[in-house]
Amino acid sequence: MSLKSTQTRFGSVAVTLHWLTAFLIVAVLAFGFGAASMTDASAKAQMLAAHVPLAIIVVLLTIGRILWWWFADTKPVPVIGTPRWQQSSAHVVHILFYVVILGMGASGIGMLALSGAGPAIFGDTAGQLPDFWNYAPRVPHGIGARVMIALLVLHVGAALYHHFIRRDGLLRRMWYR
Ligand code: HEM
Ligand code: HEM
């Protein structure tokens with residue numbers, strides 16, 4: 001299997017970046033919602049100590065992915081028989097994924113920078129954890145998380161529809177040969 005994509009399937013770099021990001025985003029969402037629901041400060045700090053570095057890895061992988069598509073690789077053509085409106089909606093969902101991930105990264109870093117919560121999360125002063133709702137980026141961060149889940153539902157729904165109903169090999173072309 002080649003590093004780059006062909007007209008009919010994704011290459012190994014795109015496949016690896018896709019599934020690594022997908023797996024990490026699920027963990028980042030779980031740690032994020034987990035942290036937001038904690039009342040105990042040290043449990044919340046522990047969740048954030050996992051949430052923040054994993055999220056930063058997701059953001060870096062996403063920047064790498066955008067650069068990869070931009071400079072090195074070309075996406076396969078749509079699977080034969082896919083109606084035009086489905087091609088356009090898939091395209092919009094994929095672009096929105098990138099926008100929301102980068103927006104979540106920016107608002108997350110903004111929250112941390114404005115609140116100065118770094119030492120409380122990564123040190124042993126969890127008791128001094130601030131209320132993140134006092135900082136403006138907390139609002140778009142919460143909205144972005146819900147938009148991300150909506151995108152994920154649409155995206156996974158479409159992938160399963162192709163796999164089980166249309167049986168057109170779409171899921172297989174986003175995997176190693
Ligand atoms: C949060 C997690 C996910 C994100 C951010 C994501 C994002 C994307 C993006 C942006 C693309 C377009 C190709 C690219 O730019 O690399 C894509 C393609 C694809 N994704 Fe995901 N994805 C996620 C999870 C999943 C899951 C769980 C599945 C399957 C159940 C899946 C199945 C696919 C398939 C089959 C394609 C190829 C579509 C085609 O052949 O045109 N993705 N995904
Ligand atoms: C892919 C990127 C990211 C995703 C998907 C994500 C997801 C989430 C989610 C789901 C929540 C809970 C939201 C809610 O319940 O309203 C959250 C909260 C939070 N996230 Fe992120 N996040 C990301 C990036 C970041 C980054 C880069 C940072 C810091 C550098 C960060 C710091 C925080 C903080 C401080 C909270 C607040 C927890 C609280 O209110 O108790 N996030 N995130």
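Buried residues, meaning those with 20 or more other C-beta atoms within 10 Å of their own, where C-beta atoms are placed from the backbone, make up 20% of the 177 residues in the protein chain. The model is a predicted one, in which local features need pLDDT of at least 70 and side-chain atom pairs count only at pLDDT 80 or more, while totals for chains, interfaces and linings use all residues. Residues are numbered from 1 along each chain as its sequence is written, and chains are lettered from A and ligands numbered from 1 in the order in which they are written.

The protein chain contains 5 helices and 0 strands, where helices (H or I, at least four residues) and strands (E, at least two) are DSSP runs numbered from the N terminus. Read from the N terminus on, the order of elements is α-α-α-α-α, and the C-alpha trace spans about 55 × 30 × 25 Å along its principal axes.

Two helix pairs can be followed through the fold. The axes of α1 and α2, as lines fitted to C-alpha atoms over the stretch in contact, with angles running from 0 to 180 degrees between N-to-C directions, come within 8 Å and cross at roughly 155 degrees. The two helices α1 and α2 are therefore roughly antiparallel to each other, a term for angles over 145 degrees. Their crossing is left-handed, which is to say that the near helix is turned anticlockwise from the far one by less than a right angle. The residues of the contact of α1 with α2 divide into 18 nonpolar, 6 polar and 2 charged, with Ala, Val, Leu, Ile, Met, Phe, Trp, Tyr, Cys and Pro counted as nonpolar, Asp, Glu, Lys and Arg as charged, and the others, Gly among them, as polar. In the second pair, α3 and α5 pack at an angle of about 155 degrees with their axes 9 Å apart, and they are therefore roughly antiparallel to each other; the crossing of α3 and α5 is left-handed.

The ligands come next. Ligand 1 is surrounded by 16 residues, the closest being Ala22, Ile25, His94, Ala159 and Met174, where a residue is near a molecule if its C-beta atom, placed from the backbone, lies within 6 Å of it. At least two residues of this shell are supplied by each of α1 (12-37), α3 (84-115) and α5 (138-166), and the largest share, 5 residues, comes from α1. By class, the shell around ligand 1 has 10 nonpolar, 4 polar and 2 charged residues.

Around ligand 2 there are 27 residues, with Gly32, Ala36, Ala55, Gly108 and Gly142 the closest. Here α1, α2 (41-71), α3 and α5 each supply at least two residues, and α2 gives the most, with 8 residues. The shell around ligand 2 has 20 nonpolar, 6 polar and 1 charged residues.

Finally, Arg167 lies in the segment after α5 and has a positive phi of about 50 degrees although it is not a glycine. Arg167 is exposed, with 9 other C-beta atoms within 10 Å, the limit for an exposed residue being 12 or fewer.

Note on methods. Angles under 35 degrees count as roughly parallel, over 145 as roughly antiparallel, 65 to 115 as roughly perpendicular and the rest as oblique.
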